Amino acid sequence: MTPRETNADATEVRTSITVPPDLVMGLLGSADGNLRALESLMSAEIHVRGNTVTLSGEPADVALAERVVSELIAIVAGGQALSADAIRHSVAMLSGTGDESPAEVLTLDILSRRGKTIRPKTLNQKRYVDAIDAHTIVFGIGPAGTGKTYLAMAKAVSALQTKQVSRIILTRPAVEAGERLGFLPGTLSEKIDPYLRPLYDALHDMMDPELIPKLMSAGVIEVAPLAYMRGRSLNDAFIILDEAQNTTGEQMKMFLTRLGFGSKMVVTGDVTQVDLPGGAASGLETAARVLGNVDDIHFAELTSADVVRHRLVSEIVDAYARFEEPSQLNRAQRRASSGAGGRSRR
């Protein structure tokens, strides 16, 4: 890559970047799809002739575009296929106040299987993954589609494969596993299975499907409702609690105190999607207030900007957040006022 020819005009500059010929197709995309995505996100004018990308416009706009194009070239040079989403996330990272490199974020390999590699797709996702490496207990809090559970699962499988732990334990609260499911046929396990199905699905993405039943029968992988954790001490394990917003305060305390030696815990949830009956306080919200200053416990916040599903999902999340904000504020005020009068009871 060769920067740059700069026009001396004080109000407009022009810069040229030479792209290695073997990277041009990967950068521009099929039918120039990546180029169109980049043009829609950048204020600078972008023109491509052969393997030369020319940027022109206001100095700040050109400087940002130059950084973005340079990072995108580095991503392609690292062997990763570029997409419109990767371009969007790269622009968001470089438009912020941090100095992180999108190429470093988007090329961090967590787990590979049969040619498919799981990587963080946003800066907050990378910070979340780094926090899992650095801390014993990590809370991943954010809306649907931000990769909270999927990335935690990938880290768990990676830890098992590299023998950092000897087993994986995956659990969820089964909020409706009482009377509402009582009329269904089958064993308790069969009734609860739909609540655990997303965890099985993620496992099948990351491991050979024929290997999973063998590991489960050997106790190397356990998928169970949260109630099954009571009374246990979980040593040398990677433990994931999913949908933690649907735990009560007592359940969350019970779960966290199962932590044994050589183990790591990841707790994921979305505090805007509490399904507890009767307006009960979420154990996840309580944990965030109680444990925020405890050493070796980290709270990773993900937002709609980290949604890696369809582009509309992040817009849907934001729209509902705006709509529900007044009711959430009222609910928090009611909890605060009720807690002030009866907090001494334990």
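Mentor: We'll take a strand, then a helix, then the cores, then a glutamine. This is a predicted model, where local features need pLDDT of at least 70 and side-chain atom pairs count only at pLDDT 80 or more, while totals for chains, interfaces and linings use all residues. Residues are numbered from 1 along each chain as its sequence is written, and side-chain values use heavy atoms, with hydrogens and water left out.

Trainee: Are the faces of β6 covered or open?

Mentor: In a regular strand the side chains alternate between the two faces of the sheet. In β6 (137-141), I137, F139 and I141 sit on one side and V138 and G140 on the other, and all are buried. Buried means under 20% relative accessible area, exposed over 50%, and partly exposed in between, with a 1.4 Å probe and protein chains only. Since 5 of the 5 residues are buried, β6 is largely enclosed by the rest of the structure. Helices (H or I, at least four residues) and strands (E, at least two) are DSSP runs, numbered from the N terminus.

Trainee: What covers the buried residues of α10?

Mentor: Those residues are M252, M254, F255 and L256. Their cover includes β6, β7, β9, β10 and α11.

Trainee: Which residues have the most contacts inside the largest nonpolar core?

Mentor: In soluble globular proteins, nonpolar side chains tend to be buried together. A nonpolar core is a set of buried Ala, Val, Leu, Ile, Met, Phe, Trp, Tyr and Cys residues joined through side-chain atoms within 4.5 Å. Here the largest has 35 residues, with L203 and M206 having the most contacts inside it. α7 gives the most to this core, with 8 residues. Leaving aside residues up to four places away in sequence, L203 touches M153, V157, L170, I212, I221 and V223, where contact means heavy atoms within 4.5 Å. A second, separate core of 33 residues includes L55, V68, A86 and I87.

Trainee: Is Q80 buried or exposed?

Mentor: Q80 is buried, with a relative accessible area of 15%, in the loop between α3 and α4. A polar atom of the Q80 side chain lies 3.3 Å from the backbone oxygen of L106.

Methods
A polar contact is a pair of N or O atoms within 3.5 Å; within protein, one must be able to donate a hydrogen and the other to accept it, and residues adjacent in sequence count only if both atoms are side-chain atoms.
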